[in-house]
Amino acid sequence: MLAKSKIRIAGNCTLLVIFFAGATSIPLAGQATTAAILGAVTDPSGAAVPGASVTVTNTGTDIARTTLSDERGRYRVPSLNVGQYEVKAELPGFQTVIHKGIEVTVGREVVVDFALPVGQLTLNGRNVEQLILLAPGVSIYQSIVAGAFYGTAPTYSVSGSRPNGQAQLLDGTNIQDYFNRGSGAGVVGTSMGIDAIAEFQVLTNTYSAQYGGNGSVMNAVTKSGTNKFHGTAYDFMRDSAMDAKNYFDRPAAPIPSFHRDAYGGTLGGPIKRDRMFFFGNYEGFRHSLDETRIITVPDADARKGFLPTGPGGSLVNVGVDARVAPYFKFWPVPDTVVGGGQGIATLNPTQTAHENYALGRFDWVLPQGDTLFVRHVSDIAELFEPSGGPIPDLWPAINSNNNEFFTVEEKHTFSSTLLNQARFAVSRPWQRSKTDVITHPELQWFPNEGLPDGGLTISGGVTGFGSAAPGPWQFSQMRYNFGDDVYWTKGSRSLKFGAGVTKVQSNVFSPIPGHGSFTFNSFTLFLQGVPLQYSGTILGGRDASRRFREWLYDLYGQHDWRVSSTLTLNLGLRYSPTNNGTEADNKMHRIIDPPYSTGFAPVSHIYDHNPSLANLDPRFGIAWDPFKDHKMSVRAGFGVFHAIIGPRDYAATYYQSPPFVSATELNPVFPKAFSSVAPALPTQTFAMDMKNGLHTPYVEQWNLSIQRELGANTAVTAAYVGSHSIHQVQQLQVNPPIPIVTPNGLQFATLQTVGGRLTVVDNPRVNPAYDTLSSSRTFGWARYNGLQLGLNRRLNNNWSGQVSYTFSKCIDIGSGSYLVDGGTSISNPFNPNDDRGRCTYDLRHNFSLNGLYTLPFHGNPFVEGWQLSGVFLAHSGNPFNVTTGIATNTFRGSSARPSYVAGCDPTAHPTVEHWFNPSCFSLPAVGFNGNFGRNVLTGPRLTNLDLALLKGVKFSEDNMVQFRAEVFNVPNHPNFALPGGAVFSQGAVAGTGNVNPTYGRITSTRTTSRQVQLGVKLIF
């Protein structure tokens, strides 16, 4: 009995020890005198990278050990002596990444993960942000207004979400510009510094609560120095002598001149061996481009007052008022006459640009395993844009960027399971446009006031006049961020939690429309000097400078739990409120309750009530290995992602209100602005309703994916991704004409005789004291469903490749918050669902293929080291809106939709000159909306192939020179932009219209013609 009791006691003690070890996550091997480093290697899309070489080096002894990542990208190096280590991961086709300052203590298992950037993909312009196209479900948003004001780089929709609100981080610091349009120099559309990037990661679909963003995050980490001096020097050159002609270049003329030179280098190394390191990167470029710009101008007869408005298109002399005659000199002579009194002129103004990008980083390995780094980025660019205004060279603009980003971060190791990371960062994105480079007395509505030229807008397709719009402007921000993250590992559980606070100072100046503009409802009325309206600022009301101040807060917790060897759960919660911001000079006025308030009133805070207090973002994910063979995985997730309302959304509410005062005058006397004694119709073009229905926009996102290994080197993935966007910012006419209920529907305007002339007159408005009040409210929504298929072939036998295909559909009632964001005002403010249609960034089919092949030549340095890489993209066209083009219905606007002629096919025989069939549309009766839907028609599809051929010549193990030849758009396929959607131009009588001669015309391409870039790069 005694023996049995001893055995029972010993057994119970053993079970207790095992239970305690599991509960406290202290493995029995922890009593050993060595440790291990382990982790995972992934690519920028998050996919596993097997076969990567991982080298672990003890920096005190220089003893190194190497292993390969397995089929799931995992690696493990056991039995390491205690000390300081560097861990390097490398694989042909990817950039090498090094983590240093890794402190290994007794019994500790240190996790070091890698996200390897693709090293040899062809990137047009060396733009690092193009790597987001590697992620599935990404589409380029065409309808964003590209320009210096809002940025010229492409914008991306990820899984049906709007482009704004996406997060972009560098070393944990937000580096987005004022408009949340990327990190680079927006005026030239670049994102430099790719040679300084150690890791690049694109996060989509229910990622960790550690990150915010509107459903996607671009996360990059900069390189640091090592115990050896390493660096690069490079130069990449393009010239029109090597290029093909663009589709829209003059056929008989030489190729417009183009020259671009991008150059720079990197250098990193030790300051004090094993302790202090430095890394620096400089990149610059110079650019000169003869643009191709196509404008619509009057033909010779129209300039004399003869228009084809008579029976059978016969010429009718409508006369030329002496007041408009001086403006004909601004129009060039047309190259081609297209009819309807119009012609096409092709111009080649010269654009110049330069940019200087510099990055410096200092790393310091402190005692007890602490590390410190400091990093600073300076990015300065300037663009001379000859096409700032509607007619090139007449109204150029000088646009500038001066961005500064600074980060200091300290990591402290409390124990083998507990790590703290503290960070302080300062960001200052800055941009400006000078639009009064050239002025003309004929467009100085307020002489001697020092304003840029005013504008003339002519409905019906003829190009108008005026300086760059919007402009002049200046936007700068100072963002001070304090953040702390804690990483705690406890057995099968990994916990991350942290908090951050950011002080945001936004200084803005944007006096739209400070110079003012006359609008003519037709070319006939222009010739007769009869404008429809004048909109502009009144004397003494041009103060558009505002200094906004606000605080942003972040708090999150993330729990990753490995339940078993085949099941992992990811649970997270993020909370991201803001305070109710202020303006430093107390210059905030708004209409408190539009449109019912009696006028603009001063306010002390940005919002009527803080819309961010409910910004709770839960995240949930699951990963399952159903067959326990590590060859198949099933993943699912759900997450909520709030997009903070920022200055890009609310600022116009206040810099477009007193002490900045704009007004609209109906039927003014041309060219005298505000010829009436007192303009009595205050107007509001851009604003946000800070009281009614104000919420923070957010996206609900969910996904289910299955991945299966096919052999040793290939994996196939199938995924369903869905999203629901809620409370999106949407423009609305909040002071519309009160409709008349008729048997044919709602009538918003009537045809009346004003001053002896038939005129479309709006019904009385909800509040007759105001004119148009365009205001944003958060009632927009979108729904997205997508099937994503992928095939990934890892590097083996000298080649690798990736194929992806997405079939998706996105539906919404509006795809942008305001005009430059690709948004439009709801066509029927009494029923927003009349605008239900395809998202402007909807791509039904989206296919991509990229690959890398190392030529199997051996024997001598001349035949070895050749690589060929390429990227092929193909997707269906984006939808576009067909409009009437003239104001015959509501709100004096020309963006209303026409009526559809039953049984007609508007897509029959599309051409570049006329993409749709105008006979399928009719002009609605005066005051009525048409019945044709929003975004029904589809623009041209895109196909593009870029190739690169590389040759590396090694001088030693660590020194080589690389020669690179890249060809963009190899087949020289013209990928056309969206066509113009206006169907009609004004007829001889108000309320009537003729087919616009330039209806459905395409005047530009989305991609360049075939261009060649030659480069040389020294790596040492």
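Guide: Gladly! Let us start with a definition: buried means under 20% relative accessible area, exposed means over 50%, and partly exposed lies in between. Please keep in mind that this is a predicted model.

Visitor: What makes the phi of Ser159 worth a look?

Guide: Most residues other than glycine have a negative phi. Ser159 is not a glycine, yet its phi is positive, at about 55°. Asn667 is another case, with a positive phi near 50°.

Visitor: Is Asn667 buried, exposed or in between, and what makes it so?

Guide: Asn667 has 45% relative accessibility. Buried needs under 20% and exposed needs over 50%, so Asn667 counts as partly exposed. Asn667 sits in the loop between E40 and E41.

Visitor: What is the peptide bond from Phe670 to Pro671 called, and what is its omega?

Guide: That bond is cis, with omega near 0°. Pro671 lies in the loop between E40 and strand E41 (698-710). A cis peptide bond also joins Pro594 and Pro595, where omega is about 0°. As background, most peptide bonds are trans.

Visitor: How do you know whether Asp762 is buried or exposed?

Guide: Its relative accessible area is 15%. That value is set against the limit of under 20%, and therefore Asp762 is buried. Asp762 belongs to strand E46 (residues 757-762).

Visitor: What makes the link between the side chains of Asp762 and Arg765 a polar contact?

Guide: The distance given for these two side chains is 3.0 Å. A polar contact asks for a pair of N or O atoms within 3.5 Å, one able to donate a hydrogen and the other to accept it. The side chains of Asp762 and Arg765 do make such a contact.

Visitor: How do you know that E28 and E31 pair?

Guide: Two strands pair if at least two bridges are found between them. E28 and strand E31 (residues 517-520) have four bridges, in the parallel sense. Gly455, for instance, has Ser517 in E31 as its bridge partner.

Visitor: Why do E28 and E40 stand at the edges of their sheet?

Guide: The open sheet has the order E28-E31-E32-E40. Strand E28 (455-458) and strand E40 (660-666) each have a single partner strand, so one side of each is left without a neighbour in the sheet.

How values were computed:
Residues are numbered from 1 along each chain as its sequence is written. This is a predicted model: local features need pLDDT of at least 70, side-chain atom pairs count only at pLDDT 80 or more; totals for chains, interfaces and linings use all residues. Side-chain values use heavy atoms; hydrogens and water are left out. Helices (H or I, at least four residues) and strands (E, at least two) are DSSP runs, numbered from the N terminus. Buried means under 20% relative accessible area, exposed over 50%, partly exposed in between (1.4 Å probe, protein chains only).
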